Amino acid sequence: MTLAVALCTDLMMEAPLHAAVCSLIEHASVELDFYFMLNGFDLKRRDLLRRSMDMSGKAYKATFVEEPSAAELSNLNPFH
(Lines give C-alpha, C1' and ligand atoms only; values in the text may rest on other atoms or scores of the structure.)
Protein backbone atom coordinates (compact mmCIF):
# COMPACT_ATOMS: atom_id res chain seq x y z
CA MET A 1 0.00 0.00 0.00
CA THR A 2 1.23 3.51 -0.85
CA LEU A 3 0.11 6.80 0.64
CA ALA A 4 0.46 9.96 -1.50
CA VAL A 5 1.41 13.12 0.41
CA ALA A 6 1.46 16.59 -1.20
CA LEU A 7 3.35 19.41 0.49
CA CYS A 8 3.55 23.03 -0.66
CA THR A 9 5.76 25.54 1.13
CA ASP A 10 8.47 28.17 0.81
CA LEU A 11 11.91 28.65 2.36
CA MET A 12 10.44 30.19 5.52
CA MET A 13 9.17 26.71 6.43
CA GLU A 14 12.23 24.68 5.42
CA ALA A 15 13.10 23.38 8.91
CA PRO A 16 9.49 22.35 9.75
CA LEU A 17 9.26 20.69 6.32
CA HIS A 18 12.28 18.50 7.11
CA ALA A 19 10.82 17.63 10.51
CA ALA A 20 7.38 16.77 9.12
CA VAL A 21 8.66 14.68 6.23
CA CYS A 22 11.17 12.76 8.35
CA SER A 23 8.53 12.10 11.01
CA LEU A 24 6.11 10.79 8.39
CA ILE A 25 8.74 8.46 6.97
CA GLU A 26 9.84 7.28 10.41
CA HIS A 27 6.33 6.42 11.62
CA ALA A 28 4.63 5.29 8.41
CA SER A 29 3.67 1.64 8.05
CA VAL A 30 3.21 2.04 4.28
CA GLU A 31 5.37 3.37 1.46
CA LEU A 32 5.10 7.14 1.04
CA ASP A 33 4.88 8.92 -2.30
CA PHE A 34 5.68 12.62 -1.75
CA TYR A 35 4.80 15.44 -4.14
CA PHE A 36 6.54 18.72 -3.34
CA MET A 37 5.82 22.20 -4.68
CA LEU A 38 8.54 24.26 -3.06
CA ASN A 39 8.81 28.00 -3.61
CA GLY A 40 12.41 29.21 -3.58
CA PHE A 41 14.05 25.79 -3.15
CA ASP A 42 16.98 25.48 -5.54
CA LEU A 43 18.61 22.15 -6.43
CA LYS A 44 20.90 22.37 -3.38
CA ARG A 45 17.91 22.75 -1.02
CA ARG A 46 16.04 19.89 -2.72
CA ASP A 47 19.10 17.64 -2.38
CA LEU A 48 19.35 18.53 1.31
CA LEU A 49 15.71 17.48 1.78
CA ARG A 50 16.39 14.20 -0.04
CA ARG A 51 19.41 13.53 2.20
CA SER A 52 17.26 14.09 5.28
CA MET A 53 14.70 11.66 3.90
CA ASP A 54 17.36 9.09 2.99
CA MET A 55 18.65 9.06 6.57
CA SER A 56 15.50 7.16 7.59
CA GLY A 57 16.63 4.15 5.58
CA LYS A 58 13.02 3.52 4.55
CA ALA A 59 11.53 3.43 1.06
CA TYR A 60 9.80 6.52 -0.29
CA LYS A 61 9.23 8.30 -3.59
CA ALA A 62 9.67 12.04 -4.08
CA THR A 63 8.49 14.14 -6.99
CA PHE A 64 9.27 17.84 -7.16
CA VAL A 65 6.54 19.69 -9.07
CA GLU A 66 7.57 22.95 -10.68
CA GLU A 67 5.56 26.01 -9.79
CA PRO A 68 3.18 27.19 -12.52
CA SER A 69 4.01 30.50 -14.12
CA ALA A 70 1.87 33.59 -13.55
CA ALA A 71 0.54 33.21 -17.11
CA GLU A 72 -0.55 29.62 -16.42
CA LEU A 73 -2.29 30.65 -13.22
CA SER A 74 -4.09 33.57 -14.87
CA ASN A 75 -5.70 31.15 -17.36
CA LEU A 76 -7.37 29.08 -14.62
CA ASN A 77 -11.05 29.47 -13.90
CA PRO A 78 -11.95 30.82 -10.45
CA PHE A 79 -13.34 28.38 -7.88
CA HIS A 80 -16.50 30.42 -7.30
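Leaving aside residues up to four places away in sequence, L3 is in contact with V30, E31, L32 and D33. The model described here is predicted. L3 belongs to strand 1, which covers residues 2-10. Although L3 and D33 are 30 residues apart along the chain, their C-alpha atoms are separated by 6.0 Å. With 42% relative accessibility, L3 counts as partly exposed.

Strand 1 pairs with strand 2 (residues 31-39) in the parallel sense, over nine bridges. Within this pairing, A4 is found opposite D33 of strand 2. Helix 1 (residues 14-27) packs on the sheet and touches strand 1, strand 2 and strand 3, its direction making about 170° with that of strand 2. Helix 2 (residues 43-54) also packs on the sheet, where it touches strand 2 and strand 3; the direction of helix 2 makes about 170° with that of strand 3.

The sheet is open and is formed by three strands in the order 1-2-3, with parallel pairing. On average, neighbouring strands are turned by 20° against each other, direction ignored.

| Residue | Relative accessibility | Class |
|---|---|---|
| C8 | 62% | exposed |
| C22 | 26% | partly exposed |

Key
Residues numbered from 1 in each chain as written. Predicted model: local features only at pLDDT ≥ 70, side-chain atom pairs only at ≥ 80, totals over all residues. Heavy atoms only, no water. Buried < 20%, exposed > 50% of the residue type's maximum accessible area, 1.4 Å probe, protein only. Helix = DSSP H or I, 4+ residues; strand = E, 2+ residues; numbered from the N terminus. Contact = heavy atoms within 4.5 Å. Pairing = 2+ DSSP bridges. Axes fitted to C-alpha atoms, helices over the stretch in contact; angles between N-to-C directions.
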